[in-house]
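Subject: Structure for your review

Dear colleague,

Please find below the structure for your review.

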Amino acid sequence: MKILIIGFGSLGKKIANKLKKRKDVNEIYFITKSKKRVEKGFVQIGIKDVDRSFDYIILTFSGISDENRKRSFRLCKNTFDVRKVELKYNLKILKKYIPLLKKLSNKTKIIVLTNPVDEIVNYLYLNLPRKQIFGFGATLDKKRYSRILKKEVDCVGLHGNMIPLIKSEPEVYEKLYKKIDQKLLKYFQKKGLPNKFVAEEFGDYFKILNGKRKRILNTSYYLNKPFYGISKIALSLPFIIENGRIIGIKKIKLNDYEEKRFLADVERLKKN
């Protein structure tokens, strides 16, 4: 495989080092605004050097300054709002890459790690309707909920505001979300973004995405068919994937509260 990473900061580098261990990855290229980040084993190229032959484009760039990010950690009351702060910065950068992404082959898959993931994925679908676009992030939410509940749980909604499908009472969801989210926010404030953890989880995500057997992949993807009456929008759900293609959504049932929260997320996403 031939891979291009756009954004080669701490997260981009860790993902590149994770991917280069795969036997099926032959070449890893990157684009970055910094001229001081040439990494041994990878090839830095410019926008004009991008051709149609890439198998994957991975977006890890971030337009927010370290100072503004730290400020958001202090001022925001939850991690969902932290991610949302980045939208205006990252959308400004993303617009510059749209012409590049348009000239790619429709066989090229785009994976979004740039936050807020679901908003970025939807913006790309509006501009690149024939492309295959995946949003990473739901995998992390599922991992955090499953770890604290000590069992595998499905999640739906928006990255950072995911709804675990546990068929419980409203106050249980709120208490659980606050417990996980505040722990993560405190981590942000103390140590910054958990890029090492993200890169490790991305390795598993990429393995499932490229596997030949049928698996469940928690990802943001465009809904061609209605899910609880919602379609023509990208949301994070447990999708069924086989041979690198999304073939459907896992059969899941939401209770009244889960459905209400999910539909509220849809409206929030449209507004954003």
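This is a predicted model: local features need pLDDT of at least 70, side-chain atom pairs count only at pLDDT 80 or more; totals for chains, interfaces and linings use all residues.

Residues are numbered from 1 along each chain as its sequence is written, and side-chain values use heavy atoms, with hydrogens and water left out.

**Positive patch**

On the surface, R147, K150, K175, K179 and K183 gather in a patch of positive charge. A patch is made of residues with over 30% relative accessible area and no salt bridge; like charges are joined within 9 Å, and nonpolar side chains (Val, Leu, Ile, Met, Phe, Trp, Tyr) within 5 Å. Accessible areas come from the Shrake-Rupley method with a 1.4 Å probe, and for residues only the protein chains shown count as cover. Lys and Arg count as positive and Asp and Glu as negative, with His and the chain ends not counted; the place of a charge is taken as NZ of Lys, CZ of Arg, CG of Asp or CD of Glu.

Helix α7 (residues 170-191) supplies the largest share of the patch, three residues. Helices (H or I, at least four residues) and strands (E, at least two) are DSSP runs, numbered from the N terminus. K183 is found in helix α7 and is exposed, with a relative accessible area of 66%. Exposed means over 50% relative accessible area, buried under 20%, and partly exposed in between (1.4 Å probe, protein chains only).

E258, in helix α9 (residues 256-271), is buried yet has no salt bridge. The nearest side chain of opposite charge, K167, is 4.7 Å away. A salt bridge is a side-chain nitrogen of Lys or Arg within 4 Å of a carboxyl oxygen of Asp or Glu. The side chain of E258 does reach the backbone nitrogen of I166, at 3.0 Å. This is a polar contact (a pair of N or O atoms within 3.5 Å; within protein, one must be able to donate a hydrogen and the other to accept it, and residues adjacent in sequence count only if both atoms are side-chain atoms).

**Salt bridges**

The whole structure holds 11 salt bridges, including the following:

- R22 and D24 meet at 2.7 Å, N to O; R22 is partly exposed at 22% relative accessibility, as is D24 at 32%.
- K84 pairs with D81, the closest N and O atoms being 3.7 Å apart. Both lie in helix α3 (residues 79-85), three residues apart, about one turn of the helix.
- K270 and E267 meet at 3.8 Å, N to O, and both lie in helix α9, three residues apart. K270 is exposed at 54%, whereas E267 is partly exposed at 48%.

**Backbone**

Most residues other than glycine have a negative phi, and most peptide bonds are trans. Against that background, the peptide bond from N115 to P116 is cis, with omega near -10 degrees. P116 lies in the loop between β5 (109-112) and α5 (117-127).

K150, a member of the positive patch, has a positive phi of about 60 degrees. K150 sits in the loop between α6 (138-149) and β7 (155-156) and is exposed, with a relative accessible area of 77%. N243 has a positive phi too, near 55 degrees. N243 is placed in the loop between β10 (234-242) and β11 (245-249) and is exposed at 51%.

Kind regards
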